[in-house]
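Here is my note on the model you sent. The points go from the overall layout to the core and then to the aromatic residues.

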Amino acid sequence: LFAGIIEWSMVNGYSELVTATDLRFERILKRAGWPMQRLGEPVRIGNTTAIAGTLPIDAASFRNACPTHYRSELSPDALATLRSAA
């Protein structure tokens with residue numbers, strides 16, 4: 001999923017993703033090789049602790065998050081754009 005998000009974002013010209021997520025999900029991103037840069041301190045919202053941050057959209061992040069048998073659903077032209085950026 002992360003590789004697909006990064007791939008689609010790169011092909012569409014994005015360089016970073018801004019998100020607010022559950023603090024536990026931040027650990028999942030880090031384990032997947034896509035660490036989030038925090039924009040502030042965690043905040044308690046209802047039953048969860050949330051954190052805001054940015055995620056890089058680049059070839060290194062794509063390689064880190066990409067599973068071995070990843071198969072793209074993007075068009076050949078879109079993939080050519082992605083490969084040239086890598």
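1. Helices and strands here are DSSP runs, numbered from the N terminus; a helix needs at least four residues and a strand at least two. On that basis, the elements run α-β-α-β-β-β-α-α from the N terminus on, which gives four helices and four strands in the chain. The model is predicted.

2. The chain has 86 residues, and 29% of them are buried. Of the contacts between residues at least 6 apart in sequence, 63% join residues at least 24 apart.

3. Helix α1 covers residues 2–11, and its buried residues are Phe 2, Ala 3, Ile 6, Glu 7, Ser 9 and Met 10. Viewed down the axis of α1, these fall within an arc of 165°, so they line one face of the helix. Gly 13 follows α1 and has a positive phi, near 85°.

4. Helix α2 covers residues 23–31. At its start, a side-chain oxygen of Asp 22 comes to within 2.7 Å of the backbone nitrogen of Arg 24. After α2 comes Gly 33, with a positive phi near 85°.

5. Which residues touch the most other members of the largest nonpolar core? They are Ile 6, Met 10, Leu 29 and Trp 34, in a core of 13 residues. At least two residues each come from α1, β4 (48–56) and α3 (59–65). The largest share is that of α1, with four residues.

6. Leaving aside residues up to four places away in sequence, Ile 6 touches Trp 34, Ile 57, Asp 58, Ser 61, Phe 62 and Ala 65.

7. Four aromatic pairs are found in the whole structure. One of them, Phe 2 with Phe 25, is edge-to-face, at 5.9 Å centre to centre and 75° between the planes. Phe 2 is in helix α1 and Phe 25 in helix α2, so this pair ties together parts 23 residues apart in sequence. Phe 2 is buried, at 15% relative accessible area, whereas Phe 25 is partly exposed, at 33%.

8. The ring centres of Phe 62 and Tyr 70 are 5.8 Å apart and their planes are at 80°, so this pair is edge-to-face. Phe 62 is buried, with a relative accessible area of 16%, while Tyr 70 is partly exposed, at 27%.

9. Phe 2, Phe 25 and Trp 34 form one aromatic cluster. Trp 34 is also among the core residues named in point 5.

Key:
Residues numbered from 1 in each chain as written. Predicted model: local features only at pLDDT ≥ 70, side-chain atom pairs only at ≥ 80, totals over all residues. Heavy atoms only, no water. Buried < 20%, exposed > 50% of the residue type's maximum accessible area, 1.4 Å probe, protein only. Arc of directions from axis to C-beta. Polar contact = N/O pair within 3.5 Å; in protein donor to acceptor, adjacent residues only side chain to side chain. Contact = heavy atoms within 4.5 Å. Core = buried A, V, L, I, M, F, W, Y, C linked by side-chain atoms within 4.5 Å. Phe/Tyr/Trp six-rings, centres within 6.5 Å; stacked < 30°, edge-to-face > 60°.
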